[in-house]
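Trainee: I am new to this structure. Please show me how to read its features, one at a time.

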Amino acid sequence: MKIGVLALQGAVTEHIRSIERAGAEGVAIKEVKQLDDLDGLILPGGESTTIGKLMRKYEFIDAIRAFATKGKPVFGTCAGLIVMAKHIAGQEEAHLELMDMTVSRNAFGRQRESFETDLPVKGIEETVRAVFIRAPLIESVGDQVEVLSTYKDEIVTARQGHLLACSYHPELTDDYRLHAYFVDMARSYKHSVDPK
């Protein structure tokens, strides 16, 4: 299993560490042609506007849309969640427009209001350790989107088929179970196209 981490900005090394602890190979993705070899792709945190600009500059927008259209899993964390959303509150233009959700940037406040908590996540047995840093939240979701977890009644983890998104940074803890959940999604996809 080979899982890529888009390496334009954000905690790439930490995601790769978590992927490898979950039993897959982690690869930093800097060029579009690398996408062909992947079973799944993670869009890490950072600053969503900057990531969007870099994705356009290096021609990742259409390439990642095509990757997702094939049914290959994509996982966005923090800013990666914003990049995946069809709608961003207060903005006319979104980025990848993959997931049917409206997101709000910096909804949990500024850097000084960052915090950690234990979250129950549907499909994972025990609570997941989550780090919220200038975190967005999911304001609303479409019919095809399943809410996997909430924090104070706000949606912070969601899944739409082969697409996964969370408001927080699971890679900044020693808890790699959300990455293992995503690796399982990628394994299921790979098995569906090549059952051998």
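**Reading the side chains**

Mentor: Across the whole structure, a search finds 5 aromatic pairs. Rings of Phe, Tyr and Trp (its six-membered ring) pair if their centres lie within 6.5 Å; planes under 30 degrees apart count as stacked, over 60 as edge-to-face and the rest as tilted. Take F115 and F132: their ring centres are 4.7 Å apart and their planes are at 10°, so this pair is stacked. F115 sits in strand 7 and F132 in strand 8, so the pair ties together parts 17 residues apart in sequence. Helices (H or I, at least four residues) and strands (E, at least two) are DSSP runs, numbered from the N terminus.

Before we go on, note the ground rules. This is a predicted model, where local features need pLDDT of at least 70 and side-chain atom pairs count only at pLDDT 80 or more, while totals for chains, interfaces and linings use all residues. Residues are numbered from 1 along each chain as its sequence is written, and side-chain values use heavy atoms, with hydrogens and water left out.

Trainee: Is F132 buried or exposed?

Mentor: Buried means under 20% relative accessible area, exposed over 50%, partly exposed in between (1.4 Å probe, protein chains only). F132 has 1% relative accessibility, so F132 counts as buried. F115, at 22%, counts as partly exposed. F132 also forms a tilted aromatic pair with Y151, 5.7 Å centre to centre, with 35° between the planes. That pair links strand 8, which holds F132, to strand 10, which holds Y151, 19 residues apart. Both F132 and Y151 are buried.

Trainee: Which residues form one aromatic cluster?

Mentor: The cluster is made of F115, F132, Y151 and Y168.

Trainee: Next, charged side chains. How many salt bridges does the structure hold?

Mentor: Side chains of opposite charge can pair when their charged atoms come close. The cut-off for a salt bridge is a side-chain nitrogen of Lys or Arg within 4 Å of a carboxyl oxygen of Asp or Glu. The structure holds 10 of them. One joins K190 and D39, at 3.7 Å from N to O. The two lie 151 residues apart: K190 in helix 5 (residues 177-193), D39 in the loop between strand 2 (25-29) and strand 3 (40-43). K190 is partly exposed at 37%, whereas D39 is buried at 10%.

Trainee: What separates R187 and D184 in helix 5?

Mentor: About one helical turn, because they are 3 residues apart in helix 5. Elsewhere, salt bridges link E116, D118 and R129 in a network.

Trainee: Now the nonpolar core. Which residues touch the most other members?

Mentor: A nonpolar core is a set of buried Ala, Val, Leu, Ile, Met, Phe, Trp, Tyr and Cys residues joined through side-chain atoms within 4.5 Å. The largest has 36 residues, and L35, L43, M55 and I64 touch the most other members. Helix 3 (residues 60-69) gives the most to this core, 6 residues. A second, separate core has 30 residues, among them V121, V128, Y151 and A186.
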